[in-house]
Amino acid sequence: MKHKWKIAIFCIASIILNLLTSILIFDVCHIPLFLDTIFTVAIVFYFGLVPGLIVGFFYNIFDVTFNYIVRGVFSPTNMCFALCGIGIVLVTWIFARKKKEFQISVPITILYLVLISLLSSFITVFIGGTIDFVRFSYFDIPDSMAPIKRFTESFVSQKFGLFASCILAQIPISITDRLISTFAGYGLFKLYEKIFGPSEVS
């Protein structure tokens with residue numbers, strides 16, 4: 001029971017910290033990145049698949065209410081990006097469950113993290129690009145709810161189709177975002193182990 005409460009507290013804290021990170025990066029620093037899965041990645045490494053899925057899914061649900069309260073914009077289509085969160089969690093978990101292999105050497109750890117970053121960025125490019133294509137086609141999405149909207153518009157202005165533009169705009173953002181988030185999430189996981197001890201999840 002104590003372990004379940006620990007997981008619940010970490011999940012809630014991760015969702016809140018992901019939301020605060022998105023404010024810091026996009027609203028305060030005005031950087032067109034997401035970086036809203038750092039704590040999700042850490043949870044996957046520390047507690048495993050199910051807690052990671054909970055954080056990855058519910059972050060995007062709470063994000064709608066959060067955006068309305070903090071940014072004054074109601075954009076329910078943001079919930080669709082829960083699919084990206086689930087994809088990121090699944091890719092991360094496939095490798096994160098092999099924790100012993102991460103400890104073979106620093107180069108092996110780096111290679112695993114780069115592989116996670118590239119595979120998860122591949123998934124988010126196509127899922128996120130498809131979601132944006134639908135959103136930009138049928139809804140008036142404000143810039144504050146679509147960090148890569150201007151990138152997409154720049155490709156459209158160069159005579160690319162909207163779907164291709166949505167995919168192309170995702171590539172540099174997603175790759176950068178996944179690299180930073182994956183390495184930062186793994187670093188947080190190691191910090192969790194140091195402060196709170198190893199998780200009971202293998």
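Close-up 1. Leaving aside neighbours within four places in sequence, Ser117 is in contact (heavy atoms within 4.5 Å) with Arg178, Leu179, Thr182 and Phe183. Ser117 belongs to helix H6, where helices are DSSP runs of H or I with at least four residues, numbered from the N terminus. With a relative accessible area of 1%, Ser117 is buried, a term that stands for under 20% relative accessible area, whereas exposed means over 50% and partly exposed in between, with a 1.4 Å probe and protein chains only. A polar atom of the Ser117 side chain lies 2.7 Å from the backbone oxygen of Leu113. The model is predicted, so that local features need pLDDT of at least 70 and side-chain atom pairs count only at pLDDT 80 or more, while totals for chains, interfaces and linings use all residues. Residues are numbered from 1 along each chain as its sequence is written, and side-chain values use heavy atoms, with hydrogens and water left out.

Close-up 2. Thr182 lies in helix H8 and is buried, with a relative accessible area of 0%. Not counting residues up to four places away in sequence, Thr182 touches Val41, Leu113, Ile116 and Ser117, and a polar atom of its side chain lies 2.6 Å from the backbone oxygen of Arg178. Phe183, also a residue of helix H8, is partly exposed, with a relative accessible area of 32%.

**Close-up 3. A nonpolar surface patch.** Val106, Ile110, Leu118, Ile171, Ile175, Leu179 and Phe183 make a nonpolar surface patch of about 540 Å². The elements that give two or more residues to this patch are helix H6 (106-138) and helix H8 (162-196), and H8 gives the most, with four residues.

**Close-up 4. The enclosed helix H2.** In helix H2 (residues 38-47), 10 of the 10 residues are buried, so this helix is largely enclosed by the rest of the structure. The buried residues of H2, among them Phe39, Val41 and Tyr46, pack against helix H1 (2-28), helix H3 (49-70), helix H4 (82-96), helix H5 (99-102), H6 and H8. H2 is followed by Gly48, whose phi is positive, near 105°.

Methods
Patches are made of residues with over 30% relative accessible area and no salt bridge: like charges are joined within 9 Å, nonpolar side chains (Val, Leu, Ile, Met, Phe, Trp, Tyr) within 5 Å. Accessible areas come from the Shrake-Rupley method with a 1.4 Å probe; for residues, only the protein chains shown count as cover. A salt bridge is a side-chain nitrogen of Lys or Arg within 4 Å of a carboxyl oxygen of Asp or Glu. A polar contact is a pair of N or O atoms within 3.5 Å; within protein, one must be able to donate a hydrogen and the other to accept it, and residues adjacent in sequence count only if both atoms are side-chain atoms.
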